[in-house]
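Here are my notes on the model you sent over. Have it open while you read, and go through the points in order.

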Amino acid sequence: MIKKQYLAVASALILTAGLFPASSDAQVAKKNLTANYNNIKVLYNGSQVSTTIEPFIVNGTTYIPLRMMAGVFNKDITWDGTNYTINVKDQADPGYESMLAQKDAEIERLKSQIDDLNDEIDGLEDDLADYEDDDDDDIDDVISDLEDQLNDDYGDFEDLEWDISLSGDEDDIEVEISIDLSEYQDDFDDLSDSDLEGLVEDIVNDIWDESDLEDADIEGVIIDSDSDDEQYDFEGDSSDGTIYFDGDEI
């Protein structure tokens, strides 16, 4: 029986850790040990773990095969006989590796989808910018053409020389009606408020008659081009078609 015990202990020494302390100062030695067998069982989550080497007790400490427990906890065990070293490493989990590969593939797919969406967004932004540029060009052309038409229609109002300029966009239009009072002061003074109101009303309505500017609010002035002094101001509210001349509704 004693021979059997020593043979078992010798086998356990190869397969277990902790029988001798691990230290750089440890000395090589041989000891005769007495191993007690009490039919020790190892249960993992309630199930018995099988082993070819039976666990045993030495001096009150229970020893079990390291390789057996490594299998239970998904560890790889190698024995370095040259350096008398036991190497323990984590085992690769096939299920985990597969799941990780699936996640990596999903991440790459999402990255590709994001890149495609970003490209699409960039394309839409470019299209919008082109559309806005074209739209700005279009409204600028409308305003420029209308300005020419207004000067043709009212540039010689009451036989005076007027210059009409427009600026703005489809929402707001600014109108400047200028006359050189160093040349036309007397004739200008002969004009009644009613004459000037008629000029302003016609110009504002002509602006609203342009389909692209029918919703534009209008602000304007009549100025002396010689001194840049403002003579009158006016405005048009597109929401109700009201026109004001020097603060009074026409």
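1. A word on terms before anything else: two residues are in contact when heavy atoms of theirs lie within 4.5 Å. With that in hand, take S178, which sits in strand β8. Skipping neighbours within four places in sequence, S178 touches E161, W162, D163, I223 and S225. S178 counts as buried because its relative accessibility is 9%; the cut-offs are under 20% relative accessible area for buried, over 50% for exposed and partly exposed in between, with a 1.4 Å probe and protein chains only.

2. Some housekeeping. This is a predicted model, in which local features need pLDDT of at least 70 and side-chain atom pairs count only at pLDDT 80 or more, while totals for chains, interfaces and linings use all residues. Residues are numbered from 1 along each chain as its sequence is written, and side-chain values use heavy atoms, leaving out hydrogens and water.

3. The whole chain, briefly. It has 5 helices and 12 strands, taken as DSSP runs (H or I, at least four residues, for helices; E, at least two, for strands) and numbered from the N terminus. Of its 250 residues, 25% count as buried. Among contacts between residues at least 6 apart in sequence, 47% join residues at least 24 apart.

4. Six strands make an open, mixed sheet in the order β7-β8-β9-β10-β11-β12; strands pair if DSSP finds at least two bridges between them. At the edges are β7 and β12 (248–249), each pairing on one side only. Helix α5 packs on this sheet and touches β7, β8, β9, β10 and β11 (242–245), its direction making about 145° with that of β11 (axes are lines fitted to C-alpha atoms, for helices over the stretch in contact, and angles run from 0 to 180 degrees between N-to-C directions).

5. Which residue of β9 is the bridge partner of S178? It is I223, which also stands opposite E230 in β10. β8 and β9 run parallel, joined by 8 bridges, whereas β9 and β10 run antiparallel with 6 bridges. G220 stands opposite F234 in β10. β9 and β10 form a hairpin with 5 residues between them, and D228 in the turn has a positive phi of about 65°.

6. Helix α4 (residues 181–190) is worth a look too: L181, Y184 and F188 are buried there. They lie on the same side of α4 because they cover an arc of only 100° around the axis, the arc being that of the directions from the helix axis to the C-beta atoms. The exposed residues D186 and D190 are on the face turned away from that buried side. The cover over the buried residues includes β7 (162–168), β8 (172–179), α5 (193–209), β9 (217–224) and β10 (230–237).

7. Last, the aromatics. The whole structure holds 8 aromatic pairs. One of them, W162 with F188, is tilted, at 6.2 Å centre to centre and 55° between the planes. Rings of Phe, Tyr and Trp (its six-membered ring) pair if their centres lie within 6.5 Å; planes under 30 degrees apart are stacked, over 60 edge-to-face and the rest tilted. This pair links strand β7 to helix α4 across 26 residues. W162 counts as buried at 5% relative accessibility, and F188 is buried with a relative accessible area of 5%. F157, W162, F188, Y232 and F245 form one aromatic cluster.
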